[in-house]
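Dear colleague,

Please find below the structure that I am handing over to you, with its sequence. My notes on what was found in it follow directly after.

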Amino acid sequence: MPRIAFLHGNKRDGDAGAVVGIKEGLRQAGFVDGQNVTFDYRWAENDFSRLPALAAELVALRPAVIVVGGGSAAAVAAKSATSTIPIVLAFGSDPVELGLATSLERPGGNITGVIFPGQYAAERVRLLTTMAPQARTIGYLRTGPAHSNAVTEQQTANVDAAARALGRQLVPFKVDSRAEIDAAMTAIVDRKIGALDIAAHPFFDDDATIAGLAVRALRAKLPAIFIQEAFPNAGGLMSYGESYAEGFRHAGQYVARILKSEKPAVMRFDQTTKVELIINRATARALGLAIPESLAARATQVIG
């Protein structure tokens with residue numbers, strides 16, 4: 001029975017949707033966990049320094065395929081651990097820039113997968129200011145040096161440019177721990193920041209962190225946006241970004257193709273195309289905001 005290894009940078013209970021998506025993609029191709037494939041999991045629990053050792057553990061199990069999620073650090077760790085076992089990525093970075101593939105069309109090595117394009121960071125600012133036009137300052141919760149790379153800095157620059165184009169001031173808050181998140185949220189409230197944009201980064205992706213941020217933002221009457229649907233589901237105002245479930249389902253289909261003998265070297269990287277806008281009506285009401293007709297018409301869902 002083929003073994004599928006799963007390496008992720010987040011917490012075990014923080015990104016269950018990734019596992020569900022992978023298994024759904026496999027099921028659609030005729031592969032069912034426990035029947036004709038089996039899984040081995042390793043989670044870094046947001047401690048990215050553990051990733052090289054976890055990747056090595058998975059390689060030692062000699063899986064048929066390694067699936068990687070949870071950011072570029074996990075992808076680099078998997079690549080460093082093996083140049084022969086096929087690897088399927090589902091992440092938001094450019095694999096060519098990271099040296100993981102020769103090109104997107106023809107990767108040329110043992111890595112292929114699905115990319116979350118990540119070009120929606122600036123659009124989240126525009127949506128947030130449309131929803132909360134009174135906000136003149138926007139807090140930007142992003143990672144600090146321990147969890148950042150060139151992608152993080154480029155995303156910050158894009159968000160800052162979008163805010164300035166809208167006549168808003170972006171105020172970044174760099175965090176690398178839960179304690180720093182708490183301190184940043186306190187500072188955002190104390191400084192009377194008008195709205196909050198949370199960076200699209202695996203560091204913020206686990207369910208507990210998302211729920212905590214949603215609760216803190218609602219309590220502070222702070223309009224806030226994040227990439228994950230879990231944010232408005234937990235009481236945050238809105239989310240906008242690629243569908244993680246769809247992306248990982250597609251990655252599961254890539255795994256199935258490899259199990260059926262296709263080679264990652266000639267399997268082009270694909271990009272997720274399904275983008276979702278979710279707005280929490282109850283939260284908008286609690287914040288004293290009316291949902292503009294333009295956003296209501298555009299929304300994938302209005303919940304609450």
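Phe91 has Ile115 of strand S5 as its bridge partner. This pair is read, like everything below, from a predicted model. The strands concerned are S4, residues 87-91, and S5, residues 111-115, which pair in the parallel sense over five bridges.

Both strands belong to an open sheet of six strands, whose order is S2-S1-S3-S4-S5-S11 and whose pairing is parallel. Its edges are strand S2 (38-43) and strand S11 (270-271); each has a single partner strand, so one side of each is left without a neighbour in the sheet. Helix H2, residues 51-60, packs on this sheet, where it touches strand S1 (3-8), S2 and strand S3 (65-69). The direction of H2 makes about 180° with that of S1.

The crossing of H2 with H3 is right-handed. On the H2 side, the contact consists of Leu51, Pro52, Ala55, Ala56 and Val59; on the H3 side, these meet Ala73, Ala74, Ala77, Ala78 and Ala81. By class, the contact of H2 with H3 comprises 10 nonpolar residues, with no polar and no charged ones.

An open sheet of seven strands runs in the order S7-S6-S8-S9-S10-S12-S13, and its pairing is mixed. S7 and strand S13 (301-303) stand at its edges with a single partner strand each, so one side of each is left without a neighbour in the sheet. From one strand to the next, the twist averages 20°.

Strand S6, residues 137-143, pairs with strand S7, residues 169-175, in the parallel sense over seven bridges. Within this part of the sheet, Arg142 stands opposite Lys174 of S7. Together with helix H5 (residues 150-165), S6 and S7 make a right-handed β-α-β unit. Helix H6 lies across S6, S7 and S8, and runs at about 155° to S7.

In the pair formed by H4 (residues 121-131) and H5, the helices pack at an angle of about 35°, and their axes are 8 Å apart. The crossing of H4 and H5 is right-handed. H4 contributes Ala121, Ala122, Arg124, Val125 and Arg126 to the contact, while H5 contributes Gln155, Asn158, Val159, Ala162 and Ala163. The contact of H4 with H5 divides by class into six nonpolar, two polar and two charged residues.

The other pair is H6 (residues 178-190) with helix H7 (residues 207-219), which pack at an angle of about 15° with their axes 11 Å apart. That angle makes H6 roughly parallel to H7. H6 passes H7 in a right-handed crossing. Arg178, Ile181, Asp182, Met185 and Thr186 of H6 meet Thr209, Leu213, Arg216 and Ala217 of H7. Classed by residue type, the contact of H6 with H7 holds four nonpolar, two polar and three charged residues.

With kind regards

How values were computed. Residues numbered from 1 in each chain as written. Predicted model: local features only at pLDDT ≥ 70, side-chain atom pairs only at ≥ 80, totals over all residues. Heavy atoms only, no water. Pairing = 2+ DSSP bridges. Helix = DSSP H or I, 4+ residues; strand = E, 2+ residues; numbered from the N terminus. Contact = heavy atoms within 4.5 Å. Axes fitted to C-alpha atoms, helices over the stretch in contact; angles between N-to-C directions. Right-handed = clockwise from strand over helix to strand, strands pointing away. Left-handed = near helix turned anticlockwise from the far one by under 90°. Nonpolar A, V, L, I, M, F, W, Y, C, P; charged D, E, K, R; others polar. Parallel < 35°, antiparallel > 145°, perpendicular 65-115°, else oblique.
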